[in-house]
Amino acid sequence: MNSQIEKINVEAAELKAQIVNHNVYTQISDLPELRIFMEHHIYAVWDFMSLLKALQINLTCTTLPWFPVGNAKTRQLINEIVAGEESDLDEKGEIKSHFELYLDAMQQVGANTKPILTFISSLQKGATFKEAYAQASVPLAAQQFMDSTFAVINANRHHATAAAFTFGREDLIPNMFHHMVNDLNSKHPDQVTIFKYYLDRHIEVDGDHHSHLALEMTSELCGTDDNKWLKASTTVKEALKQRINLWNAALEAIQHQAVAID
């Protein structure tokens, strides 16, 4: 492995451990808690797709007339990841993005998809992020999460965008969470099958093949430039801190619901 990649892994290890060992997972015992978690997590799923498309727009040619852009190896890496994330197969064998698959899982579980759909619809109609946040009542931590990501995207430093994409990925959910979802699927077989499929698909595709491609892409973009690697490391740590804050918000919402019920 690239020594600079190893260095980032070491520097980010404590933050990753906080995510993997976060208390939010232990608080999800049945569908009500899972719904709240998903209603927060969906913004990270959408955010991830936005990072992906930012990389494709900047590292390949997406305008006419066509010209070869950048490094051919980097183009190949990002295009392969895009195909897998944006045009994968759902549990029925139908072609869907991972974001759309997650929405299906939310609907099956009974989670509220109105806020995320309102948020996206508002943006499509020309609203600013601030306006869309207000119209959709997006949780503050999710707002901060997305603002942080789009600050990276808008800075137009492709190596930093790639680092955020690579190290802040959706593969930080621990095994115990997968076991819990399997248990819920056994308990509620008509409501958790799609979410279980989503997680299994992430392990199969994102956690293995795509993660290797993303690491290779980040290495290509940073090259031997120490300043780029330093920026990559800083970006990674900020992305992980934002993930922790989002998980904190989900945990607080779950605990608030438990108190309300009592």
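On a 1 Å grid over the protein atoms alone, a cavity is a set of points where a 1.4 Å probe fits but cannot get out, and its lining residues have an atom within 4 Å of a point. This is a predicted model, so local features need pLDDT of at least 70 and side-chain atom pairs count only at pLDDT 80 or more, while totals for chains, interfaces and linings use all residues. Residues are numbered from 1 along each chain as its sequence is written, and side-chain values use heavy atoms, with hydrogens and water left out. Helices (H or I, at least four residues) are DSSP runs, numbered from the N terminus.

**The cavity**

- The whole structure holds one cavity of 30 Å³ or more.
- The largest cavity contains about 160 Å³ of space. Here grid points are joined across faces, edges and corners, and a volume is the space filled by probe spheres set on the points.
- Its lining has 18 residues, and Asp47, Leu51, Phe145, Thr149 and Ala239 lie nearest the centre.
- Two or more lining residues come from each of these elements: helix H2 (31-59), H7, helix H8 (158-167) and H11.
- H11 gives the most to this lining, with five residues.
- By type, the lining of the largest cavity has 10 nonpolar, four polar and four charged residues. Nonpolar covers Ala, Val, Leu, Ile, Met, Phe, Trp, Tyr, Cys and Pro; charged covers Asp, Glu, Lys and Arg; the others, Gly among them, are polar.

**Salt bridges**

- A salt bridge is a side-chain nitrogen of Lys or Arg within 4 Å of a carboxyl oxygen of Asp or Glu.
- A search of the whole structure turns up nine of them.
- Glu11 and Lys237 form one, at 3.9 Å from N to O. This pair links distant parts of the chain: Glu11 sits in helix H1 (residues 3-20) and Lys237 in helix H11 (residues 226-261), 226 residues apart.
- Glu11 has a relative accessible area of 33%, so it counts as partly exposed. Partly exposed lies between buried (under 20% relative accessible area) and exposed (over 50%), using a 1.4 Å probe and protein chains only.
- Lys237 is also partly exposed, at 27% relative accessibility.
- Lys73 pairs with Glu220, and their closest N and O atoms are 3.6 Å apart. Again, distant parts of the chain are linked: Lys73 is in helix H3 (residues 72-86) and Glu220 in helix H10 (residues 193-222), 147 residues apart.
- Lys73 is partly exposed at 40% relative accessibility, and Glu220 is partly exposed at 32%.
- Asp200 and Lys196 meet in a salt bridge of 2.9 Å, N to O. They are four residues apart in helix H10, so about one helical turn separates them.
- Asp200 is partly exposed at 33% relative accessibility, and Lys196 is partly exposed at 25%.
- Salt bridges with shared partners join Lys73, Glu216 and Glu220 into one network.

**Helix H6**

- Which residues of helix H6 (residues 129-136) are buried? They are Ala132, Tyr133 and Ala136.
- These residues cover an arc of only 105° around the axis, so they lie on the same side of H6. The arc is that of the directions from the helix axis to the C-beta atoms.
- On the other side of H6, Lys130 and Ala134 are exposed.
- Helix H5 (114-124) and helix H7 (140-155) are among the elements that cover the buried residues of H6.
- Just after H6, Ser137 takes a positive phi of about 55°.

Key:
Contact = heavy atoms within 4.5 Å. 1 Å grid on protein atoms, 1.4 Å probe; cavity = no way out; pocket = protein on both sides within 12 Å on 5 of 7 lines; lining within 4 Å.
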